[in-house]
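Subject: A structure for you to look at

Hi,

Here is the structure I promised to pass on. Have a look at it first, and then read my notes below.

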Amino acid sequence: MDEKLLDTLIICPKCQALHSIVELEEDTKAHCATCNTLLYKEDSCLVDKMIALSLSALLFFIISNSFVIVQIDLLGSEEFMNIPAMLLRLFDSGFYIVGLFLSLFLFILPFMTISIYLLLGVAYRLGWSGAYAKNLLITLSNIRLWNMVDIFLISILIAMVKLVDLFALHLGIAFYSLILYVLLDIYLSKSIKMFNLWREYERRYR
Ligand SMILES: [Zn+2]
C-alpha cells in the first residue's frame with residue numbers, strides 16, 4: 001500500500017477497525033464506529049498548549065536540577081544533595097554504568113524530550129522550515145518512548161520513605177519542583193499526541 005494512502009487511514013487502538021481520517025471541526029472528536037473508542041480529536045490551540053506546557057516543564061526541570069533536593073542530618077553534620085551532584089558522585093565512586101544509566105534516564109532524555117516539544121512548538125508558531133520540524137518530529141517519536149522519568153520519581157520516593165527511618169531528611173525546593181515537573185511531563189505526553197503533531201505538520205507544510 002503506498003504511503004500517501006496510509007496517511008489517510010487510522011486503526012482503532014481497541015478493536016483494530018480501520019477508518020479513514022476525516023477533517024474535523026475545531027475542538028471536536030472522532031470515535032470508532034464499531035466500539036466508540038476515541039480515535040483522535042482536533043485541538044484548536046495544540047501549538048500554544050504545547051509551548052506553554054513544555055516551557056513550564058523546562059522551568060521546573062531547571063529548578064529541580066539547580067537546588068537542593070534533600071538535606072540529610074548525619075551524625076551532627078548536614079549533607080545537602082542535588083541531582084547533578086549525586087550523579088557526579090556516582091562517577092567519582094566508580095559506579096560508571098549506574099551513573100551513565102541514571103544520567104541518561106533522569107537527566108539527558110527528559111531534557112531532550114521537553115526541549116524538542118518546545119522547539120517544535122516554536123517552529124510551528126514562527127513557521128520555521130519544514131525539514132527542521134520534520135527532524136524534530138522524528139526524533140521525538142523515537143525518544144519519547146524512552147522517557148521514563150515518572151518511573152524514576154516513584155523509585156526515588158520509595159527510597160526516601162525508607163531513608164526517613166534511618167536519617168533525618170528534609171526535602172528541598174528541588175524535590176517539590178521535580179514532582180511538578182513529572183506531573184507536567186505526564187500531562188504533556190498524554191494530551192499532545194504524535195498523531196496530532198503530524199497532522200499539524202501536514203497542515204502547515206504541505
Ligand atoms: Zn473500535
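Please keep in mind that this is a predicted model.

Strands β5 (residues 70-74) and β6 run antiparallel and are joined by 5 bridges. Strand β6 (residues 77-81) is hardly covered, with 0 buried residues among its 5.

Now for the chain as a whole. Its secondary structure comes to 8 helices and 7 strands. The radius of gyration is 21 Å, well over the 17 Å that the globule rule gives for 206 residues, so the chain is more spread out than a compact globule. Along the principal axes, the C-alpha trace spans about 70 × 40 × 30 Å. Buried residues account for 18% of the 206 residues.

There is a nonpolar core to explore too. The largest one has 27 residues, and those touching the most other members are Ala-57, Leu-120, Leu-178, Tyr-181, Leu-184 and Leu-188. Helices α2 (46-66), α4 (96-126), α5 (130-143), α6 (149-166) and α7 (173-191) each supply at least two residues of this core, and α7 gives the largest share, 7 residues.

Enjoy looking around!

Best wishes

Terms used: Residues numbered from 1 in each chain as written. Predicted model: local features only at pLDDT ≥ 70, side-chain atom pairs only at ≥ 80, totals over all residues. Buried ≥ 20, exposed ≤ 12 C-beta atoms within 10 Å, placed from the backbone. Helix = DSSP H or I, 4+ residues; strand = E, 2+ residues; numbered from the N terminus. Pairing = 2+ DSSP bridges. Rg over C-alpha atoms; globule rule 2.2 N^0.38 Å. Core = buried A, V, L, I, M, F, W, Y, C linked by C-beta atoms within 7 Å.
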